[in-house]
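Open the model in your viewer and set each chain to its own colour.

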4 protein chains.
Amino acid sequence: MISNDIVTDQNAARDADLNADYDALGARLSRSGTDIETLTEKAMRFAVAVPSWGTGTGGTRFARFPGAGEPATIFDKLDDCGVINQLTRATPTVSLHIPWDKADPDDLLAKAEQLGLGFDAMNSNTFSDTGDAHSYKFGSLSHVSEETRAQAVEHNLECIEIGRRIGSKALTVWIGDGSNFPGQTHMGRQFERYLASMKQIYAGLPEDWRLFSEHKIYEPAFYSTVVQDWGTSLLTAQELGDKAMCLVDLGHHAPNVNIEMIVSRLIHAGKLGGFHFNDSKYGDDDLDSGTIEPYRLFLVWNELVDAEPRGLNLSHMIDQSHNVTDPIESLMISAMEIQRAYVQASLVDREALTGYQQQNDALMASATLRAAFRTDVEPILQMARVRAGGAIDPVATYRAAAYRAAVAAKRPEVLGGGGGIV
Amino acid sequence: MISNDIVTDQNAARDADLNADYDALGARLSRSGTDIETLTEKAMRFAVAVPSWGTGTGGTRFARFPGAGEPATIFDKLDDCGVINQLTRATPTVSLHIPWDKADPDDLLAKAEQLGLGFDAMNSNTFSDTGDAHSYKFGSLSHVSEETRAQAVEHNLECIEIGRRIGSKALTVWIGDGSNFPGQTHMGRQFERYLASMKQIYAGLPEDWRLFSEHKIYEPAFYSTVVQDWGTSLLTAQELGDKAMCLVDLGHHAPNVNIEMIVSRLIHAGKLGGFHFNDSKYGDDDLDSGTIEPYRLFLVWNELVDAEPRGLNLSHMIDQSHNVTDPIESLMISAMEIQRAYVQASLVDREALTGYQQQNDALMASATLRAAFRTDVEPILQMARVRAGGAIDPVATYRAAAYRAAVAAKRPEVLGGGGGIV
Amino acid sequence: MISNDIVTDQNAARDADLNADYDALGARLSRSGTDIETLTEKAMRFAVAVPSWGTGTGGTRFARFPGAGEPATIFDKLDDCGVINQLTRATPTVSLHIPWDKADPDDLLAKAEQLGLGFDAMNSNTFSDTGDAHSYKFGSLSHVSEETRAQAVEHNLECIEIGRRIGSKALTVWIGDGSNFPGQTHMGRQFERYLASMKQIYAGLPEDWRLFSEHKIYEPAFYSTVVQDWGTSLLTAQELGDKAMCLVDLGHHAPNVNIEMIVSRLIHAGKLGGFHFNDSKYGDDDLDSGTIEPYRLFLVWNELVDAEPRGLNLSHMIDQSHNVTDPIESLMISAMEIQRAYVQASLVDREALTGYQQQNDALMASATLRAAFRTDVEPILQMARVRAGGAIDPVATYRAAAYRAAVAAKRPEVLGGGGGIV
Amino acid sequence: MISNDIVTDQNAARDADLNADYDALGARLSRSGTDIETLTEKAMRFAVAVPSWGTGTGGTRFARFPGAGEPATIFDKLDDCGVINQLTRATPTVSLHIPWDKADPDDLLAKAEQLGLGFDAMNSNTFSDTGDAHSYKFGSLSHVSEETRAQAVEHNLECIEIGRRIGSKALTVWIGDGSNFPGQTHMGRQFERYLASMKQIYAGLPEDWRLFSEHKIYEPAFYSTVVQDWGTSLLTAQELGDKAMCLVDLGHHAPNVNIEMIVSRLIHAGKLGGFHFNDSKYGDDDLDSGTIEPYRLFLVWNELVDAEPRGLNLSHMIDQSHNVTDPIESLMISAMEIQRAYVQASLVDREALTGYQQQNDALMASATLRAAFRTDVEPILQMARVRAGGAIDPVATYRAAAYRAAVAAKRPEVLGGGGGIV
């Protein structure tokens, strides 16, 4: 963790400006009847999980270029997650990936407690081979071979068991199963095998757990993917039962798709489970949240805030690949951009919006959303962090603390090379 | 209709070649244990409906360039449909669009009988204003105004009533409702209003009818569309009941989407109702079937033929916009291209395919599909037409008969201009 | 025009808030060394042309739903354009479309002068038939028939002649030529015919004029389009000569394309001529600027502002289809959103940005752009309008003036119907 | 290499069928005035290069699942290429990738000679780090650092030098340079740096060599890519000079792009250098040629065959990632599918096509292309192989020879794992 003295010093240098900006914004918001304090409290309650593997430099199939001080173990990763939450106060939980993060659950719990962290949804991995008896080259939960499917089911049940011991309450299942050639698989039977495997996993779910089904249009399979879109994810969740929900990842859709509408439909169906946040321009680019299409992120949050009265239980995680930045910095910035969209969406004058919608006043309805989006809520985010003990400017504070150099001195060097995500 | 003498003469000139090609193909197919006669019989049983409005030259928002002899009334259109079926023997039914085709049901029936035609699914139109009290500018079945929704429901019930009297057994509902601006509509409530309206229509459905829900990603709405994809279409069909099914149009999807997989998923869900055939490169281009991506058309049929043992009751229609061709020619060619894909898909060695799939032999599984696709089944299609009384070469025969010139002399001239679909 | 009393009254009601917001923003900007007055002056110098046809309600191929008080003549349209500029002070010029706007040039000049307007680039129309001898059904400037090409060339020369008399200095050529079927045209020869026609038009260009080549990936042609992308547009401009430049329309690209990069490349090539502004989610949706992806609009302006030292002579126009809003309101909002992006892009700390780029500090470089984008420059835009005699809130002022009701009482009613753009 | 006895035996079992099919097809083609022998000779002259790295199992960023008998060295790869050409007689040259294939040029030449192979274009690699002093994490030829650019230039010059010694006549430059964040790079200056580096490489090109510029819309960079489309590739080739040409890869375009039109435009500009063949459904999927959209492959060849009278000097290579098949089998099948499209395109009745195009008979023009495409030219391909000493059925023959098992016994086992292309 970073010395609190550094955080304090850095905040002190920015405190006067923050107070001025906060007061000015508060005054302006009050003119339209909005209490800035309500928004700041919402911002303080905001939380998004960090994926353990996101703390390492990511790569593409062409190459991976590691940085200095790459985390070598799950405990290194938790250290990095601790720093992210220390400075942003927006990421109190970590999501683990098994087998990458396999360790003694008691050690995991102890380490997390020390860092003030908890554990979010568990993630299984049946998209690469890690020494098991049966290869996932041709699929996992939907494989034609019963033995391979059983192995994949067993792995998921093990993830649940690990998660149970560290306080997780959900399992996220994303598989790369699909095909690269028309005809390679019988798409109908493959889906039935997938459902049968998922039912076995579902049967092993503790009473208070949820199972998240995550869809993705393509990659690593390039002709067909078993759970290719929200329609198939919905069918899956419907067939499994009440504890099965759909997870939406912003980069897993076909080009041009209206993602906020999928959110709305899944809310209607009672099957929205949460999000994997990132941004994208072409495919599953796994870019930093809010850096490519920030208004799209706002529109997603607009649906979520609109549905707040329903009391949805949503599970949010950042899911990105940090190929050219310090992953800690990217995760901090991303958490704040997601939080920013949430606060902006909370600013929408919903009564006015509903009125315009009822009158088919498309122009003013649209202007009402944009008015919220263009409000610079940075002072609210900064104030929320300060009040919770975090940093006004997390990146500047992190750099001032020279954390990366410090861990680089302790952690083994990692060489770049032939590609891959971790 | 075209004089049978012309058909006979034209066929006579091609008869010897056909017999030679048919025998050669038969011999080759028999080597791999396939009986050409079985395929010819399948081809003869093939049928796809023609949309009445497809007989007129279509347009874009930029312009419409009518041709000579445009049909002026539904009876002209039925005449044209009669010719299409006379020559191809593949389009025995016509699908009507109300109010465009509104006429005395008895007259419609009499005319159809005279031409040897029947009626397929009815199509309602609530995407343009045609003089009704309430405008559909801001929606129809999902409009915020109860009066407008009621009017749209009433129109659909009228379509059912007309259809009931002419022997139709299904209603296809496609609406353009949506929005052009984020915020213009509350996407959740809009969908709920749509469902409520659809339930009223469903309640008016005769016992032996079906209701087809058709999705489309965009156009005429350019930000959100109420029934934007198969997921929402499925939700709709699920909420309505057993008589509600999903219709798939090949041009109504996001870029890159695997349409044959949607077919497979809807079959799994028991909700596939049929197809609107066309081809596309960019959006809902409504191009002639099989002219852009013929292998995609084959892969769709591969799913349908694979599912034949399930005894699905599917309703197939051509849905195209013929902007630069004689619509009669395009409809004939399109019916034959769809039929071609069906026969090619019927050629797939499914036992071998299943074997390769079980062994994860992606290369040979894929090659098995391609072997069927590259078989030139033209002699089978020609023989099926001849045996049913049609033309070996429908386009050449049609041109020889100078049908277009004949009707152009009788029908009023239509001027081009500012665009639109009909 | 709207009574100045109404503008004054409306402004008076908002004046105190504006001053407070302006001062607060000015104070905040001065902390980072930015002088708000410099920005306000930039905002006051901003101008974007309004297309005459944009003042009428647009439609799709499915339908057009006109509103009240549709302009019936070019003089009505100029009246509407006068109001737009009166309130926004950002649209001093109008772009005409021939033959839609054909009228005595002296009358056009007199009317414009009375309204305080000038004329921007001329637009020719060879994508629909308007009574000429040769139809454009199968193309215009690239048609196989020499007579048709000559007619289209002649029409463009006439546009130049009209433009010359009303003070325009540029001709924009956008054609719909292409094909709907593979094989329909020989793509190479078609392009050569197009180039030959364009050379004839270029030869008729006055010395101080420019010729803008505008590309579009598809629509109204759905398989191939002669000028389908910026590469072909560039080839065209290169072959024509120094007065030929490329025009970029935000909605004319393939999905996912990085448009700001095309801007950068055309600047490199010395061939960027200007923009047609709008927004889009799927295709050439022609939605209101800044309503779908405002950050993309900002990134385009970021390139343009970056290139300001080059002294580019750019021609900017709004090009939208207003299907569900009052076109005057949409054009005002759009002009202001484009202006907003320009001012935000002018806020980018380019020295800091260059520094981060040199250090490969992707995170801070990206954050530098976002910091400018999230600054709420609304007070600057409002102040620029007030100082130039416009309205603080143009839409509210326009509504208060009841302009639409007034013209609706005078202009002939337009019935909706079968679709089309105008 | 595979024993000729096996080839002979396998051919003998298929010889009678081939002769029957060849005669039947010949008879049918002669009816329309086509001499089958002319086509068979064209098929025999067909050649496409194999990329050395394509003989290894490819992977994604998620995982790589190697098969048995993976080639461990360039000499193993050449052995595999020898088998591919032995059986297909369509792949006489191999394209090397440096540094992956670095070896003593004399040894490479000797090995190739022994296998009857030659060397095609050289490929440089500056998209991953392989131990050089400067990292390519933030770019190579366009890097902000002069040292890094110099290193990348030097590497390309080394590729030329190696190529010169083994008889290659071209260098293909594809770089992954770009950015993952708006603002990360100055897109204009980055392109200028790229051009400056390319000019240095171009200066080192032997007189009889060509330099191929290859574009790609995205990956590994996910916001911007320096050479993102054919427009930028064209600008590059124009600025470099006559020896610089553009290479088109079928999977490197934005969704929906008309690739055959790009071919046509590059031919017009005199800058088409050749192809990288593969197939794709979503992005740069690198799937086997002709397995997803075979008609698109045909349409590309239709442009190339149409341009044959121009005497273009084109360089063709297969560029695929074989993730789930035996790479040797995929390369053989792919070479044959590319050859198939070439022969089908050679079947197009160009005189008839031109006639239909001149008459704007879109329907018959399109039908003319489809008639060629649907002709099953398999007997021609088989006969061409037999006559050149290859196998009638390369895959069956390869399997009968058990080549893979034989090399698997000799080559070191490769473990799967974390992803990457090689």
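Start by selecting chain B and chain D, which have 14 salt bridges between them (a salt bridge is a side-chain nitrogen of Lys or Arg within 4 Å of a carboxyl oxygen of Asp or Glu). This is a predicted model, in which local features need pLDDT of at least 70 and side-chain atom pairs count only at pLDDT 80 or more, while totals for chains, interfaces and linings use all residues; side-chain values use heavy atoms, without hydrogens and water. Residues are numbered from 1 along each chain as its sequence is written, and chains are lettered from A and ligands numbered from 1 in the order in which they are written.

Next, zoom in on R28(B) and D376(D). They form a salt bridge whose closest N and O atoms are 3.2 Å apart. Between chain B and chain D there are also twelve residue pairs in polar contact, both residues at pLDDT 80 or more. A polar contact is a pair of N or O atoms within 3.5 Å; within protein, one must be able to donate a hydrogen and the other to accept it, and residues adjacent in sequence count only if both atoms are side-chain atoms.

Now colour the helices of chain B. Helices here are DSSP runs (H or I, at least four residues), numbered from the N terminus. Select α12(B): with six residues, this helix gives the most to that side.

Show every contact residue (heavy atoms within 4.5 Å). Chain B brings 38 residues and chain D brings 39 residues. About 3,300 Å² is buried between the two chains, and carbon and sulfur atoms give 50% of that area. Buried area is the accessible area (1.4 Å probe) that two parts lose on being put together, summed over both. Select N256(B), L363(B) and R374(B), which supply 21% of what chain B buries against chain D, more than any other three residues.

Last, superpose chain B on chain D: a rotation of 180 degrees with 0.0 Å of shift along its axis does this, with RMSD 0.0 Å.

Definitions and conventions
Copies are superposed by least squares on the C-alpha atoms of residues with pLDDT of at least 70 in both. Helices (H or I, at least four residues) and strands (E, at least two) are DSSP runs, numbered from the N terminus.
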